[in-house]
Amino acid sequence: QVQLVESGGGLVQVGQSLRLSCEAAGIIFGINDMGWYRQAPGKQRELVAGITSGGSTNYADSVKGRFTISRDNAKNTVYLQMNSLKPEDMAVYYCHITLYDYWGQGTQVTVSS
């Protein structure tokens, strides 16, 4: 059974940082492409960052230079380091496995000005 468990969300002030984690179970993690998406109230879910099984990454233009996606295959975990957070980054962040089209439960990120 595929499982994704996100953690690390919370309330921060503008300019601060957070690191999100997503631990996977029930899959061969190392061969799967992974992604982080977010959905703000009233908006569509959007891709924030993706990482392939080989470690190649891609980012939404809005987060380039501020966010970093990485993975630790030994821990079956993908991370999203978010620096210089802005009010517009506030959303529920979801982890996603591309091959299975499977979503985690989401973790809330709130950025206070």
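Let's start with the open sheet of four strands, where the order is 1-3-8-7 and the pairing is antiparallel. This is a predicted model, so please keep that in mind throughout. Which strands stand at the edges of this sheet? They are strand 1, residues 3-7, and strand 7; each has a single partner strand, so one side of each is left without a neighbour in the sheet. From one strand to the next, the twist averages 15 degrees.

Now take strand 7 together with strand 8. Six bridges join these two antiparallel strands. If you'd like a landmark on your screen, find R71, which stands opposite V78 in strand 8. Between strand 7 and strand 8 there is a loop, and N76 has its place there. The phi of N76 is near 50 degrees, a positive value in a residue other than glycine. N76 counts as partly exposed because its relative accessibility is 26%.

Let's move over to strand 4. Strand 4 and strand 5 run antiparallel and are joined by five bridges. Here the landmark is Y37, standing opposite L47 in strand 5. The two strands form a hairpin with six residues between them. In that turn you'll find G42, with a positive phi of about 80 degrees. Strand 4 also pairs with strand 9, again in the antiparallel sense, over six bridges. Along that pairing, V92 in strand 9 is the bridge partner of Q39.

Is V48 buried or exposed? V48 is buried, since its relative accessible area is 0%. The C-alpha atoms of V48 and K64 are separated by 9.2 Å, and these residues are 16 apart along the chain.

How many residues does the largest nonpolar core have? The answer is 29, and the residues with the most contacts inside it are W36, V78, L80, M82 and Y93.

Side chains of opposite charge can pair when their charged atoms come close. A search of the whole structure finds four salt bridges. Let me begin with R38, which forms one with E46; their closest N and O atoms are 2.7 Å apart. R38 counts as buried because its relative accessibility is 5%, whereas E46 is partly exposed, with a relative accessible area of 35%.

R38 forms another salt bridge, with D89, and there the closest N and O atoms are 2.9 Å apart. That pair links distant parts of the chain: R38 is in strand 4 (residues 34-39), while D89 is in the loop between strand 8 (77-82) and strand 9 (91-97), 51 residues apart. D89 is buried, as its relative accessible area is 0%.

D89 also forms a salt bridge with R66, with the closest N and O atoms 2.7 Å apart. R66 lies in the loop between strand 6 (57-59) and strand 7 (67-72), and D89 lies in the loop between strand 8 and strand 9, so the pair ties together parts that are 23 residues apart in sequence. R66 counts as buried too, because its relative accessibility is 10%.

Last stop, the surface. L99, Y100 and Y102 form a nonpolar patch there, with about 320 Å² of accessible area together. Y102 is found in strand 10, residues 102-103. With a relative accessibility of 31%, Y102 counts as partly exposed. D101 lies in the loop between strand 9 and strand 10. Phi of D101 is near 50 degrees, a positive value in a residue other than glycine. Why does D101 count as exposed? Because its relative accessibility is 52%, and the exposed label applies over 50%.

Thanks, everyone, and I'm happy to take questions.

Conventions. Residues are numbered from 1 along each chain as its sequence is written. This is a predicted model: local features need pLDDT of at least 70, side-chain atom pairs count only at pLDDT 80 or more; totals for chains, interfaces and linings use all residues. Side-chain values use heavy atoms; hydrogens and water are left out. Patches are made of residues with over 30% relative accessible area and no salt bridge: like charges are joined within 9 Å, nonpolar side chains (Val, Leu, Ile, Met, Phe, Trp, Tyr) within 5 Å. Accessible areas come from the Shrake-Rupley method with a 1.4 Å probe; for residues, only the protein chains shown count as cover. A salt bridge is a side-chain nitrogen of Lys or Arg within 4 Å of a carboxyl oxygen of Asp or Glu. Buried means under 20% relative accessible area, exposed over 50%, partly exposed in between (1.4 Å probe, protein chains only). A nonpolar core is a set of buried Ala, Val, Leu, Ile, Met, Phe, Trp, Tyr and Cys residues joined through side-chain atoms within 4.5 Å. Two strands pair if DSSP finds at least two bridges between them. Axes are lines fitted to C-alpha atoms, for helices over the stretch in contact, and angles run from 0 to 180 degrees between N-to-C directions.
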